[in-house]
Amino acid sequence: MENKLKRGTLCVQGGWKPKNGEPRVLPIIQSTTFKYDDSEEMAKLFDLEATGYFYTRLQNPTNDAVAQKIADLEGGVGATLTSSGQAANFYAIFNICSAGDHIVTSNEIYGGTYNLFGVTLKKLGIECTFVNPDAPEEEIQKAFRPNTKAMFGETISNPGCNVLDIEKFARIAHGNGVPLIIDNTFATPINCRPFEWGCDIVTHSTTKYMDGHATAVGGVVVDSGNFDWEAHAGKFPGLTTPDESYHGLTYTKAFGKMAYTTKLVAQLMRDLGSIQSPQNAFLLNLGLETLHLRMPQHCRNAQAVAEFLQENEHVAWVHYCGLKGDKAYELGQKYLPEGSCGVMSLGLKGDRDTAIRFMDSLKMINIVTHVADARTCVLHPASHTHRQLTDEQLKEAGIAPDLIRLSVGIEDVDDIIADLRQALDKSVQK
Ligand SMILES: *Cc1c(COP(=O)(O)O)cnc(C)c1O
C-alpha cells in the first residue's frame, strides 16, 4: 500500500504514522533505553522472538520511521540507518563477506569507498578487484573468483560523473550468483531506483542530497528483498546457516525477505554499533520532506551551468551526463531520464594554477569538502578528497589531475553563472 503512493507523497508523508493523539511531526526519541513491565517480555526481544525497542544501538523509533521512508522511496523491503555513508558501504559488504572472501567493484567510486575496499577490507582478509565499469562483460567476468560474494558500483560516480550500466552489472553479478550493491547517493531515489534495474542492495551517504542542507552525516543500507540467498546457500553461510550468537537461529528461515536487514541490525549493529543518532535522523527526515522538490531544481540549474561552461572560452572540458555528446549521455538517458544530479566535473585551459586561481576567485560559490547540498560549491579532488591516491590510481578512478568538481546548488541560476563567469575571467589573469 505504502509503496503505491507516489514518491513526492512518500517524501512528505512516508515513514512516521502517528496514532491517535501522537505528535504529527516525527518526534526525536532521545532515549538510549526502553521500559518493559516484566523480564519475560524483554527476554523475547533479545531472542529476536518479539519485535520492539530495548536499546538504541539496535533500534530506535525515530530512526526506524526514517529508514522506512527511505525503504519505500527505493522500493525495498527494509532499510537501516547508519552513522555515515562509509559505515553503510562497510556494513553492506561485511554483512555477507568475511575473511577469505572477495568482491568485485567498479573502479569509478568515491575516494573513501576506494580506500575502504582496497585497504581496510584487505586488513580484514576481504580482497577486492577493481574493474573498469565500461569494459566488455567478458572482461569484467574475468575478475570473478569462486570466493566472490558481491559486486559494487555507483549509479553516478563521485567525482567522475559517469553513469553505471546497472543492467549489465546486475547480469554479471547474478550470472556469478552474487548480489549487486549500488551506492545511489548522487541520483537519489527521485531520479533512479536501482532495484527496478536488477540491483539487490542500495546504499546512500544520506549526508548528501537526502539531508540536502549539509547538517548531518549519515548513511543507509536498503535491501530489495529480491536476492535468493538460499539458492546460493553455500556462498552465504552467515544468512543460511544457524547463527550461534542468536541461539542457532537461521536468518533466511526465520525472516525470509527481511533476512539481510535483520542480520545487519542484529549482528553488525549489535557488535560494531555505527548507528545514526536520532537527532541526525530527525534532520535527515526534514531533508527528505523536500527531496522531490530540490532534485529537479539541482538538475535544472546544473543543466544550465553545464551548457554555459561548455560555451565558455576558458573551459577545456565539461563532463555532465545531461550534455548531448557526453560520454555518459546515453546511459544517463536510460537510467536517469528525469535528470541526474547537480554534480559535474570540468577542466580549465591552462595548468593546475589556473584551476586554483579560478577556485580562489569565486565569491558566492565556496570551496568546501562536500557535495550535493543546497549551496553551490567546488572541490579539487587531486588536492583534496583523493589526495592519498597516486597519479596512477587517480587515472584508474577516472579523475584527471586538473579535474574540478562543481556541485550546483538550488540558488538562482543567474547568480551561479555570474559568479562562475567572473572567476573564469580572473583565472587567466597573471
Ligand atoms: C560522501 C560519499 C560517501 C561517504 O559518505 P559519508 O557520509 O561521508 O561517510 C560514500 N559514497 C558516495 C558516493 C559519497 O558521495
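In the predicted model, strand 11 (residues 377–379) and strand 12 (residues 404–407) run antiparallel and are joined by three bridges. One of the pairs involves leucine 379, whose bridge partner in strand 12 is arginine 405. Both strands belong to an open sheet of five strands, in which the order is 8-9-12-11-10 and the pairing is mixed. Strand 8 (315–319) and strand 10 (366–367) form the edges of this sheet, each pairing on one side only. In general, the strands of a sheet pair through backbone hydrogen bonds, and the pairing is either parallel or antiparallel.

A parallel arrangement is found for strand 2 (residues 102–106) and strand 3 (residues 127–131), which are joined by five bridges. Strand 2 is mostly covered, with five of its five residues buried. The cover extends to both faces: His102, Val104 and Ser106 are buried on one side, and Ile103 and Thr105 are buried on the other. Threonine 105, located in strand 2, has phenylalanine 130 as its bridge partner in strand 3. Threonine 105 counts as buried because its relative accessibility is 0%. The C-alpha atoms of threonine 105 and isoleucine 182 are 9.8 Å apart in space, although the two residues are 77 positions apart in sequence.

Helix 13 comprises 21 residues (291–311). The distance from its first C-alpha to its last is 30 Å, close to the 30 Å expected at 1.5 Å a residue. Its buried residues are Leu291, Arg294, Met295, His298, Cys299, Asn301, Ala302, Val305, Ala306, Phe308 and Leu309. An α-helix has 3.6 residues a turn, so residues three or four places apart point the same way. Such spacing can be followed in the list of buried residues, which includes Leu291, Arg294, His298, Ala302 and Val305.

The ligand is surrounded by 16 residues, of which Gly85, Asp183, Ser205, Thr207 and Lys208 are the closest. A nitrogen atom of the ligand is 2.7 Å from an N or O atom in the side chain of aspartate 183. An oxygen atom of the ligand lies 2.8 Å from an N or O atom in the side chain of serine 205. With glutamine 86, the protein atom is a polar backbone atom, and an oxygen atom of the ligand is 2.9 Å from it. Taken alone, the ligand exposes 380 Å², and 92% of that area is buried by the protein.

Serine 84 is placed in the loop between strand 1 (78–82) and helix 4 (85–94). The side chain of serine 84 reaches the backbone nitrogen of alanine 87 at a distance of 3.1 Å. Serine 84 counts as buried because its relative accessibility is 17%, and the cut-off for a buried residue is under 20%.

Several backbone features occur in loops. Most residues other than glycine have a negative phi, and most peptide bonds are trans. The peptide bond from asparagine 158 to proline 159 is cis, with omega near 5°. Proline 159 is found in the loop between strand 4 (148–154) and helix 7 (166–175). Cysteine 161 is also in the loop between strand 4 and helix 7. Cysteine 161 is not a glycine, yet its phi is positive, at about 65°. With a relative accessible area of 2%, cysteine 161 is buried. A positive phi, of about 60°, is also found for alanine 214, which is not a glycine. Alanine 214 lies in the loop between strand 6 (201–205) and strand 7 (219–223). At 41% relative accessibility, alanine 214 counts as partly exposed.

A disulfide is a covalent bond between the sulfur atoms of two cysteines. A search of the whole structure finds zero disulfides. For cysteine 128, the nearest cysteine sulfur is that of cysteine 97, at 9.8 Å, and cysteine 128 is in no disulfide. Cysteine 321 is likewise in no disulfide, and the nearest cysteine sulfur, that of cysteine 341, is 6.7 Å away. The cut-off for a disulfide is a sulfur separation within 2.5 Å. Cysteine 128 is buried, with a relative accessible area of 18%, and cysteine 321 counts as buried at 6% relative accessibility.

How values were computed. Residues numbered from 1 in each chain as written. Predicted model: local features only at pLDDT ≥ 70, side-chain atom pairs only at ≥ 80, totals over all residues. Heavy atoms only, no water. Helix = DSSP H or I, 4+ residues; strand = E, 2+ residues; numbered from the N terminus. Expected span 1.5 Å × (residues − 1). Buried < 20%, exposed > 50% of the residue type's maximum accessible area, 1.4 Å probe, protein only. Near = heavy atom within 4 Å. Polar contact = N/O pair within 3.5 Å; in protein donor to acceptor, adjacent residues only side chain to side chain. Areas by Shrake-Rupley, 256 points an atom, 1.4 Å probe, with all protein chains shown as cover. Pairing = 2+ DSSP bridges.
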